[in-house]
Amino acid sequence: MGKRILVPVDGSEQAHRAFEFVAEEFGGAEVVLLHVVNPAEAGYSAQASIPSFSEEWYESERAAAEELFDEIADLADGTDLSIEREIEVGKPIRVIVEFAEDEAVDQIVMGSHGRSGVTRILLGSVAEAVVRRSPVPVTVVR
């Protein structure tokens with residue numbers, strides 16, 4: 001039985017590279033693509049207080065995640081990878097670590113970060129925090 005690899009995806013080039021790394025290095029693996037919908041990104045606008053806005057925003061985020069999954073899964077054509085898709089809601093670091101704990105993941109492979117410069121310094125690195133908190137080995141792809 002092959003490894004079960006968690007690949008968090010956020011649409012960044014780094015996430016695509018992480019998946020390409022898995023495709024090259026882990027033939028026959030079961031790959032779980034995880035997209036975390038962060039409610040903090042909905043913002044605090046006047047629209048956010050409208051009951052239907054939250055639902056519409058979430059559905060829009062789910063649709064974008066499905067498109068992202070399709071795009072990344074296309075990279076698996078011609079490989080023997082098994083692809084699973086998961087969408088979770090919450091803070092990305094917590095969700096990624098808890099998913100790895102709860103879902104029998106053997107390893108996490110993720111991009112180095114989706115941000116650069118001052119925003120990375122101010123907001124911190126998701127990859128760095130996952131490395132520190134993960135219950136399983138983490139490979140960070142640049």
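Is alanine 104 buried or exposed? With a relative accessible area of 58%, alanine 104 is exposed, because exposed residues are those over 50%. The model discussed here is predicted.

## Overall architecture

The secondary structure of the chain consists of 5 helices and 5 strands. Along the sequence, these elements follow the order β-α-β-α-β-α-β-α-α-β. Of the 142 residues in the chain, 37% are buried.

## Helix α1

Helix α1 covers residues 13–25 and contains 13 residues. From its first C-alpha to its last, helix α1 reaches 18 Å, close to the 18 Å expected at 1.5 Å a residue.

The buried residues of α1 are Gln14, Ala15, His16, Ala18, Phe19 and Val22. An α-helix has 3.6 residues a turn, so residues three or four places apart point the same way. Among the buried residues of α1 are Ala15, Ala18 and Val22.

## A negative surface patch

Glu67, Glu71, Asp74 and Asp77 form a negative surface patch. One of these residues, glutamate 71, lies in helix α2, which spans residues 51–74. Glutamate 71 has a relative accessibility of 43% and therefore counts as partly exposed, since that class lies between the 20% limit for buried residues and the 50% limit for exposed ones.

## The loop at alanine 104

Alanine 104 is located in the loop between α3 (92–102) and β4 (107–111). Although alanine 104 is not a glycine, its phi is positive, at about 50 degrees.

Definitions and conventions
Residues are numbered from 1 along each chain as its sequence is written. This is a predicted model: local features need pLDDT of at least 70, side-chain atom pairs count only at pLDDT 80 or more; totals for chains, interfaces and linings use all residues. Side-chain values use heavy atoms; hydrogens and water are left out. Patches are made of residues with over 30% relative accessible area and no salt bridge: like charges are joined within 9 Å, nonpolar side chains (Val, Leu, Ile, Met, Phe, Trp, Tyr) within 5 Å. Accessible areas come from the Shrake-Rupley method with a 1.4 Å probe; for residues, only the protein chains shown count as cover. A salt bridge is a side-chain nitrogen of Lys or Arg within 4 Å of a carboxyl oxygen of Asp or Glu. Lys and Arg count as positive and Asp and Glu as negative; His and the chain ends are not counted. The place of a charge is taken as NZ of Lys, CZ of Arg, CG of Asp or CD of Glu. Helices (H or I, at least four residues) and strands (E, at least two) are DSSP runs, numbered from the N terminus. Buried means under 20% relative accessible area, exposed over 50%, partly exposed in between (1.4 Å probe, protein chains only). The expected span of a helix is 1.5 Å times one less than its number of residues.
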